[in-house]
Amino acid sequence: RVIIRHSRLSRNIICKDQLQRPRTSAQARTSTMAHLAILLLLALLLLASPAISSTKRTQQPKFPAIFYFGDSIFDTGNNNHIPTLGLANHPPYGRDFPGSRPTGRFSNGRLVPDLLNERLQLKEFAPPFLDRSLSDKDITTGVNFASAGSGFDDRTSRLANTMPLSAQVDLFREEYLPRLRSIAGDKEAARIIASSLMFINSGTNDFTHYYRTSRRRLGIGEYQDTVLQLARAHVKELYNLGGRQFILAGLPPFGCIPLQITLSGDLERGCVDEQNSEAQVYNSKLQKLIPTLQGSLRGSKIVYLNAYEAFTVILQGTNKYGFAETTLGCCGTGLTEVGILCNRFTPICRNVSSYVFYDAVHPTERVYRIATDYIVKNVIPQF
């Protein structure tokens, strides 16, 4: 009864409404089109809203993790955990690091691995793998295997008892990967490694040692080829362990390092041209090797970092960047002080921001920031 009465009432209301407001067919069509326009507008707003909101979200990191391999330019504290004299875990190192504390980084503050992780919104620092206090999140977002004083050539590490690239890759395979798999599972661990970045910066110590040891009995060209084959072998090993994306850094103009200038005996403190020329020859060979190596490793992407250019821009742009001193370190006399020779009893320059080098070998954090800008602008977009 209720249904019948309701339907009759509805019909009566409709009929009365139609009698009171008669509509033409044109008006009906206009009304229909208006309703359709409103519905279309609402649909477009609904479709657009996720895009609008997504622009406000924090951009996701380009890589789920970054793994660093190399020498003191990258070492964020691994040498603190091995018996070596190659240490920077004492003042005045770390004076501009958060908390003003020495951490094993050979600089006054942060290094490229720290700054790059931050720039790519991955995390604030690049923790050393040998630090046993690492959290599961540290493990899954990438760690640092670099060791100060090391090189591609195992012989480079023997004098100071540091970890050469071969030992760093062994550490990645034998200790890091099992821990990652225990945290994330085999499938997710494989995904993390394949989509992460492997950043290798090594070779400078091999060649600075070459000029000071009996390795000079081997021609420089032949030694360059030896180092390149070692670099090739390490990249291939990391590829076999699941890595697919690599940055391979060339040599900087190491003839401009204050210690190298001091050892050359040049009282006018000019860069050692012979060493810089050989660095460029090595870099040219490395650039030719990379396409061949990438072609032999299916699905890989290997990008060359022109460290020579990046550092030369800084050395030649003293006016642009405001560096007043390019041939001496900020620590002590700036001629030879590095590692244990740069210590709490060594006087420090007044204005570290005006120096390219913090000790007689290693750049200041300000230089590393400029280098990181170069990497973000010129290298990362290639992935």
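Colleague: How do α3 and α14 lie to each other?
Modeller: They are oblique to each other, because their angle falls in that class. Angles under 35 degrees count as roughly parallel, over 145 as roughly antiparallel, 65 to 115 as roughly perpendicular, and the rest as oblique. This is a predicted model: local features need pLDDT of at least 70 and side-chain atom pairs 80 or more, while totals for chains, interfaces and linings use all residues. Residues are numbered from 1 along each chain, and side-chain values use heavy atoms, leaving out hydrogens and water.

Colleague: At roughly what angle do their axes cross?
Modeller: Roughly 50 degrees, and the axes of α3 (residues 112-119) and α14 come within 9 Å. Axes are lines fitted to C-alpha atoms, for helices over the stretch in contact, with angles from 0 to 180 degrees between N-to-C directions.

Colleague: Left-handed or right-handed?
Modeller: α3 passes α14 in a right-handed crossing. That is the near helix turned clockwise from the far one by less than a right angle; anticlockwise is left-handed.

Colleague: Which residues meet there?
Modeller: From α3, Val112, Leu115, Leu116 and Arg119. Their partners in α14 include Glu365, Tyr368, Arg369 and Ile375. Contact means heavy atoms within 4.5 Å. By class, the α3 and α14 contact has 7 nonpolar, 1 polar and 4 charged residues. Nonpolar covers Ala, Val, Leu, Ile, Met, Phe, Trp, Tyr, Cys and Pro; charged is Asp, Glu, Lys and Arg; the others, with Gly, are polar.

Colleague: Now α6 and α7. How do they pack?
Modeller: The axes of α6 (residues 165-184) and α7 (residues 186-195) come within 7 Å and cross at roughly 125 degrees. α6 and α7 are therefore oblique to each other. α6 passes α7 in a right-handed crossing. Among the α6 residues in this contact are Phe172, Tyr176 and Arg181, and those from α7 include Asp186, Glu188 and Ile192. The α6 and α7 contact holds 8 nonpolar, no polar and 3 charged residues.

Colleague: And α9 with α11, what angle?
Modeller: About 35 degrees, with the axes of α9 (residues 220-240) and α11 (residues 273-296) 10 Å apart. The crossing of α9 and α11 is right-handed as well. Ile220, Asp225 and Arg232 of α9 are among the contact residues, as are Glu278, Tyr282 and Lys285 of α11. The α9 and α11 contact divides into 9 nonpolar, 3 polar and 4 charged residues.

Colleague: Pockets next. What volume has the largest?
Modeller: About 1100 Å³. A pocket is an open set of points on a 1 Å grid over the protein atoms alone, where a 1.4 Å probe fits, with protein on both sides within 12 Å along at least five of seven lines; lining residues have an atom within 4 Å of a point. Points join across faces, edges and corners, and volume is the space filled by probe spheres on them.

Colleague: What lines the largest pocket?
Modeller: The lining has 48 residues, and Ser72, Gly149, Asn205, Val361 and His362 are the closest to the centre. They divide into 31 nonpolar, 15 polar and 2 charged. α14 gives the most, with 5 residues. β2 (197-201) and α8 (204-210) are among the elements that each supply at least two.

Colleague: How much space is in the second largest pocket?
Modeller: About 240 Å³. Of its 16 lining residues, Arg105, Phe125, Pro127, Pro128 and Asp131 are the closest to the centre.

Colleague: Which peptide bond is cis?
Modeller: Pro91 to Pro92, with omega near 5 degrees. Pro92 sits in the loop between β1 (66-70) and α3.

Key
Helix = DSSP H or I, 4+ residues; strand = E, 2+ residues; numbered from the N terminus.
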